[in-house]
Amino acid sequence: RLACGLYIAGCSVSYIVGTFWCRRWLPRHGLAGSVKRGAAFSLAVMLSGWRFAGPPKPAKAAGVGFVSGLMSGLAQIGGPPVVMYWLSNGDHHGRTRANLIVYFAFLMWLALVIFLVKGLLPAKVFWLAAAAAPSYALGMYLGTAVFPHATPKTFRHIAMALVAIAAIAGMPLLDPVLRGFA
């Protein structure tokens, strides 16, 4: 619980920094590329099988949360650092899943509040969210139904596949294709 709280604390600060300050002052394409390379790096670390030694340290947890929040604020791709860290600490996969659910739920609400405050959510976004909600709910239902049957190895592979999808979907090469959905 402490580690999850520290991720959230680190993320809360840097999400705001990434959304308001960095997006205004840093070059857009170089910034997006850096965030996407960070996602690819996280995936490479997970695929290598590397693990952290010992229990999670508060400074590491807050630092990973900070990086995740910054990546979320800049390009909405903050999952890879947190997933990498939690999958590499050797914790029980049920606890890892629970921590990720709490973390991403918080991240989603933080983004909603920030975007509402800054007027960044046009009506079109709410219609798109409503259209996507049934698919999202189905995915949540299926994941919840299947999880009790997943081994730690299967859980890890599925989590890495989702990070890979995020990293690939964030590639600049796919921007012309994926922007048609936004």
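How are helix 4 and helix 7 oriented to each other: roughly parallel or roughly antiparallel? The points below take this up and then move on to the neighbouring contacts.

1. **Helix 4 against helix 7.** This is a predicted model. The axes of helix 4 (residues 79-87) and helix 7 (residues 152-169) come within 10 Å. They cross at roughly 160°. An angle over 145 degrees counts as roughly antiparallel, and helix 4 and helix 7 are therefore roughly antiparallel to each other. Their crossing is left-handed.

2. **Residues in that contact.** Helix 4 contributes Pro 80, Val 83 and Leu 87. Helix 7 answers with Phe 155, Arg 156, Ala 159, Met 160 and Val 163. By class, the contact of helix 4 with helix 7 holds 7 nonpolar residues, 1 charged residue and no polar ones.

3. **Helix 4 against helix 5.** Helix 4 also packs with helix 5 (residues 93-117). The angle here is about 160°, and the axes lie 10 Å apart. Helix 4 and helix 5 are therefore roughly antiparallel to each other. The crossing of helix 4 with helix 5 is right-handed.

4. **Residues in the second contact.** From helix 4 come Gly 79, Val 82, Val 83, Trp 86 and Leu 87. From helix 5 come Thr 96, Asn 99, Leu 100, Tyr 103 and Phe 104. The contact of helix 4 with helix 5 divides into 7 nonpolar and 3 polar residues, with no charged ones. Val 83 and Leu 87 take part in the contact with helix 5, and Val 83 and Leu 87 also meet helix 7.

5. **Ala 167.** This residue is found in helix 7. Is Ala 167 buried or exposed? Ala 167 has a relative accessible area of 10%. The cut-off for buried is under 20%, so Ala 167 is buried. Leaving aside neighbours within four places in sequence, Ala 167 is in contact with Ala 39, Ala 40 and Ile 77. The C-alpha atoms of Ala 167 and Val 35 are separated by 9.3 Å. Along the chain, Ala 167 and Val 35 are 132 residues apart.

6. **The whole chain.** The protein has 8 helices and 0 strands. From the N terminus on, its elements run α-α-α-α-α-α-α-α. Among contacts between residues at least 6 apart in sequence, 81% join residues at least 24 apart.

7. **Burial and surface.** Of the 182 residues in the protein, 36% are buried. The protein exposes about 10,900 Å². Carbon and sulfur atoms supply 74% of that area.

Methods
Residues are numbered from 1 along each chain as its sequence is written. This is a predicted model: local features need pLDDT of at least 70, side-chain atom pairs count only at pLDDT 80 or more; totals for chains, interfaces and linings use all residues. Side-chain values use heavy atoms; hydrogens and water are left out. Axes are lines fitted to C-alpha atoms, for helices over the stretch in contact, and angles run from 0 to 180 degrees between N-to-C directions. Helices (H or I, at least four residues) and strands (E, at least two) are DSSP runs, numbered from the N terminus. Angles under 35 degrees count as roughly parallel, over 145 as roughly antiparallel, 65 to 115 as roughly perpendicular and the rest as oblique. A crossing is left-handed if the near helix is turned anticlockwise from the far one by less than a right angle, and right-handed if clockwise. Contact means heavy atoms within 4.5 Å. Ala, Val, Leu, Ile, Met, Phe, Trp, Tyr, Cys and Pro count as nonpolar, Asp, Glu, Lys and Arg as charged, and the others, Gly among them, as polar. Buried means under 20% relative accessible area, exposed over 50%, partly exposed in between (1.4 Å probe, protein chains only). Accessible areas come from the Shrake-Rupley method with a 1.4 Å probe; for residues, only the protein chains shown count as cover.
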